[in-house]
Amino acid sequence: SSSLLLLCEESAGTRISLCLIYSLLALVGTLSNVMVIYLVFSFKKLQTTSNAFIVNGCAADLSVCALWMPQEAVLGLLPPSFSSAHSAGYRLLWGGLLGLGLTVSLLSHLLVALNRYVLITKAPSTYQALYQQRRTGWMIGLSWGLALLLVLLLPGLWTQWLSQQSSQREISSASSSSHYTVLLVALAMLSQTVLLLCCYLGIMRRVRVSVKRVSVLNFHLLHQLPFPAAPPPARRVQRRLSSVSVLLLCSVFLLDTQPVVWVSLLGFFLQSVPRALQVTSWLLLCSLSAFNPLLYTW
């Protein structure tokens, strides 16, 4: 709970700084996510299966940037004695919205990576059979259903914890279950990251092999032409462009998601993590909702 409402527990100067950061992320994230969704729905040429998963992620990120971040920024301007904003029900409501948006966003990352992996590395017939319109809709609906199930289960643990504060033994038991929940969430994010990296590394390996084959084919064809032809693009440049694209995508994703994973694992085993490290890792994870549309559009 201390990670969901950071602004409630900081000093006045820190709360103002965090308020400005949340406001900036909310503005950039809302505009970029809305723009991507508008472009895809406005142009029929952009209405592809890959873009459907990207729009799904933008919708999830929009719930974080347009709804959760503004209320978090406003919360930093309220006095600490404002009880309604610090109540357990308020924390559960906005914490559930945040958990839903971030979970669907992370699942959309994985769906996009799997879609591109099958598109590039498998036969066209396999891709068309797997990504039919109905099956694509089921995949998107399953991401929201799974996220909603997780959100409904975790507040149930929190509510039980809030109602069982009558004895010290029950409090320690609830705290232990909360630590194990954090561990499971961190391991789930780590597994999702491994799958995503495997997909993009497989794509990069396939692109490198394809570039080599096309270069060899072009070499034989150019020498059979009766007229001089323009030289083909350098193989090194093509491989460099594909490598830079994958490297940029993976680097931004790892930079935004892995700090909170390892901070959570560190907190589980050591029980003491510097507050500044917690806040920084949390802000990096939230910033992913603002950077996603810019990254995928590029």
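**Surface patch and nonpolar cores**

Author: Gladly, and please keep in mind that this is a predicted model. We can begin with Ile54, which lies in helix α2, residues 49-75.

Reader: Is Ile54 buried or exposed?

Author: Ile54 has a relative accessible area of 11%, and because buried means under 20%, Ile54 counts as buried.

Reader: And what does Ile54 touch?

Author: Leaving aside residues up to four places away in sequence, Ile54 touches Val36, Val112, Arg116 and Tyr296. The C-alpha atoms of Ile54 and Thr297 are separated by 9.2 Å, although these two residues are 243 residues apart along the chain.

Reader: Which residues touch the most other members of the largest nonpolar core?

Author: That core has 53 residues, and Tyr22, Trp68, Met69, Tyr200 and Trp282 touch the most other members. At least two residues of this core come from each of α1, α2, α4, α7, α8 and α9. A second, separate core has five residues, among them Ala60, Val104, Ala147 and Val151.

Reader: Switching to the outside, which residues form the nonpolar patch on the surface?

Author: The patch is formed by Leu24, Leu27, Val28, Leu31, Phe291 and Leu294, which together have about 560 Å² of accessible area. Helices α1 (12-42) and α9 (275-297) each supply at least two of its residues, and the largest share, four residues, comes from α1.

Reader: Why does Val28 count as partly exposed?

Author: Val28, found in helix α1, has 33% relative accessibility, and partly exposed covers values between the 20% limit for buried and the 50% limit for exposed.

Note on methods:
Residues are numbered from 1 along each chain as its sequence is written. This is a predicted model: local features need pLDDT of at least 70, side-chain atom pairs count only at pLDDT 80 or more; totals for chains, interfaces and linings use all residues. Side-chain values use heavy atoms; hydrogens and water are left out. Patches are made of residues with over 30% relative accessible area and no salt bridge: like charges are joined within 9 Å, nonpolar side chains (Val, Leu, Ile, Met, Phe, Trp, Tyr) within 5 Å. Accessible areas come from the Shrake-Rupley method with a 1.4 Å probe; for residues, only the protein chains shown count as cover. A salt bridge is a side-chain nitrogen of Lys or Arg within 4 Å of a carboxyl oxygen of Asp or Glu. Buried means under 20% relative accessible area, exposed over 50%, partly exposed in between (1.4 Å probe, protein chains only). Contact means heavy atoms within 4.5 Å. A nonpolar core is a set of buried Ala, Val, Leu, Ile, Met, Phe, Trp, Tyr and Cys residues joined through side-chain atoms within 4.5 Å.
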